[in-house]
Amino acid sequence: MGSWWWRWGHHQGWCLAPCKSRMFSVLHQNRRLAFLDVVLGEKCGDLDLRNVSDIPAVPPSTDSTPEILKKALSGLSSRWKNWWIRGILTLAMISLFFLIIYLGSFMLMLLVLSIQVKCFHEIITIGYRVYHSYELPWFRTLSWYFLLCVNYFFYGETVADYFATFVQRREQLQFLIRYHRFISFTLYLTGFCMFVLSLVKRHYRLQFYMFAWTHVTLLITVTQSHLVIQNLFEGMIWFLVPISSVICNDITAYIFGFFFGRTPLIKLSPKKTWEGFIGGFFSTVAFGFIFAYLLAQYEYFVCPVEYNSETNRFVTECAPSELFQIQNYSVPPFLQDVLGRETVNMYPFQMHSIALSTFASLIGPFGGFFASGFKRAFKIKDFADTIPGHGGIMDRFDCQYLMATFVHVYITSFIRGPNPSKLLQQLLVLQPEQQLNVYKTLKSHLTEKGILQPPLRG
């Protein structure tokens with residue numbers, strides 16, 4: 001009987017003895033794994049064994065809409081309420097932006113610096129909230145310290161390039177400029193050592209996560225804002241047209257999407273539509289072309305921003321370059337019937353504005369898509385709740401940073417030539433013997449080319 005039962009069970013594909021053996025084997029393996037967990041927890045306390053899923057979610061942002069607006073718009077649907085809130089706050093921000101433009105280039109630089117600090121704060125705060133339960137030592141302190149170090153490096157380079165004559169008059173600044181890069185490296189190295197000393201058991205992996213988080217945030221915010229200011233020094237028009245094109249694209253794409261949007265554009269931003277994307281593109285190109293024409297008429301906008309050491313002020317006075325002088329262009333044959341003319345007068349810069357506004361419309365939105373992916377990764381709606389209906393400052397400037405890099409690359413690749421004023425400032429910093437040597441070399445070169453007459457010999 002037993003033999004028959006064994007043979008039948010074996011024929012059916014199972015066996016009591018092997019099954020029992022396997023069951024004890026699994027139990028034994030589970031006990032071994034539990035034992036290893038205890039040993040690893042006690043002996044390898046320097047390892048962070050927690051999963052990424054253990055990371056707490058970021059708390060949802062609060063509604064910062066003023067009560068007066070809530071009461072005024074209480075009878076509207078949420079869709080139209082958001083429309084009016086966004087519209088009113090957009091007009092307020094644009095008005096403030098025009099006021100700062102009126103106050104001059106220095107106030108624009110302060111605005112860029114303020115936006116940079118706020119964007120950095122919003123991104124770092126998300127990281128702090130996500131990993132707050134781990135109580136990482138020195139995380140926020142070191143993050144702000146690295147921000148100061150990187151800003152000191154970049155803005156010190158700017159001072160050395162554009163304020164050489166101002167620095168030459170002050171001995172204490174000469175030391176800082178001469179050893180600027182060494183001082184910057186020393187400051188960064190101090191922060192690096194502080195980070196290494198802050199490493200503690202069971203937090204190593206997360207601490208290195210946040211070290212990388214801080215440096216990527218610095219790359220996004222500080223580097224790009226530095227490029228924005230570099231563009232501003234080339235002339236305020238190189239600052240205003242790109243920034244205004246991004247703002248125009250954001251507004252017109254929202255309007256076209258709100259009224260005509262039917263076809264989803266990208267899964268990262270479900271509310272973005274092809275209708276809004278295409279409508280924003282044509283509107284932005286037209287806006288950039290017209291806005292460039294208006295600004296190109298004034299020296300205040302087209303002249304490079306320079307520092308006058310005698311008046312201690314930024315000045316924008318120059319003879320406009322060929323980019324900002326009216327030229328006559330032949331209209332392509334297929335457009336002559338549409339425009340009703342064979343030639344047209346326009347500024348050469350208007351052609352460049354088409355390239356800038358095209359980038360702002362087609363590639364610039366990818367900065368917003370990138371930000372949307374980042375927010376989805378941490379299950380948040382906005383970076384912050386600073387601006388009602390708009391989210392945080394970073395939500396408004398996610399496309400601007402990408403645009404700043406393109407403008408800087410565009411200027412250095414297609415526009416900028418040697419800058420005589422910048423070269424002159426560098427020459428004034430040299431020692432008298434070096435200046436005299438440069439003078440003799442330049443005089444000899446110009447004489448050989450026939451520009452200067454050779455000295456008469458008696």
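**A close look at helix 10**

Mentor: Let's start where Tyr188, Phe192, Phe195 and Ser198 of helix 9 meet Gln207, Phe208, Phe211 and His215 of helix 10 (contact means heavy atoms within 4.5 Å; helices are DSSP runs of H or I, at least four residues, numbered from the N terminus). Sorted by class, that contact has five nonpolar, three polar and no charged residues (Asp, Glu, Lys and Arg count as charged; Ala, Val, Leu, Ile, Met, Phe, Trp, Tyr, Cys and Pro as nonpolar; the others as polar). Keep in mind that this is a predicted model, where local features need pLDDT of at least 70, side-chain atom pairs need 80 or more, and totals for chains, interfaces and linings use all residues. Numbering runs from 1 along each chain, and side-chain values use heavy atoms, leaving out hydrogens and water.

How do the two helices lie? The axes of helix 9 (residues 180-198) and helix 10 come within 11 Å and cross at roughly 155 degrees (axes are fitted to C-alpha atoms over the stretch in contact, with angles from 0 to 180 degrees between N-to-C directions). So helix 9 is roughly antiparallel to helix 10 (over 145 degrees; under 35 is roughly parallel).

Now look at another partner. Helix 6 (residues 139-162) packs on helix 10 (residues 204-233) at about 25 degrees, with axes 10 Å apart. That makes these two helices roughly parallel. From helix 6, the residues in contact include Phe139, Phe146, Val150, Phe154 and Tyr162, while helix 10 brings Met210, Phe211, Leu218, Val222, Ile229 and Phe233, among others. This contact has 13 nonpolar, nine polar and no charged residues. Notice that Phe211 turns up here and in the contact with helix 9, and so does His215.

Pro137 sits in the loop between helix 5 (105-130) and helix 6, yet touches Ser198, Val200 and Gln207, leaving aside residues up to four places away in sequence. Its C-alpha is 8.0 Å from that of Leu199, although 62 residues separate them in sequence. With 25% relative accessibility, Pro137 counts as partly exposed (between buried, under 20%, and exposed, over 50%, using a 1.4 Å probe and protein chains only).

Note on methods:
Parallel < 35°, antiparallel > 145°, perpendicular 65-115°, else oblique.
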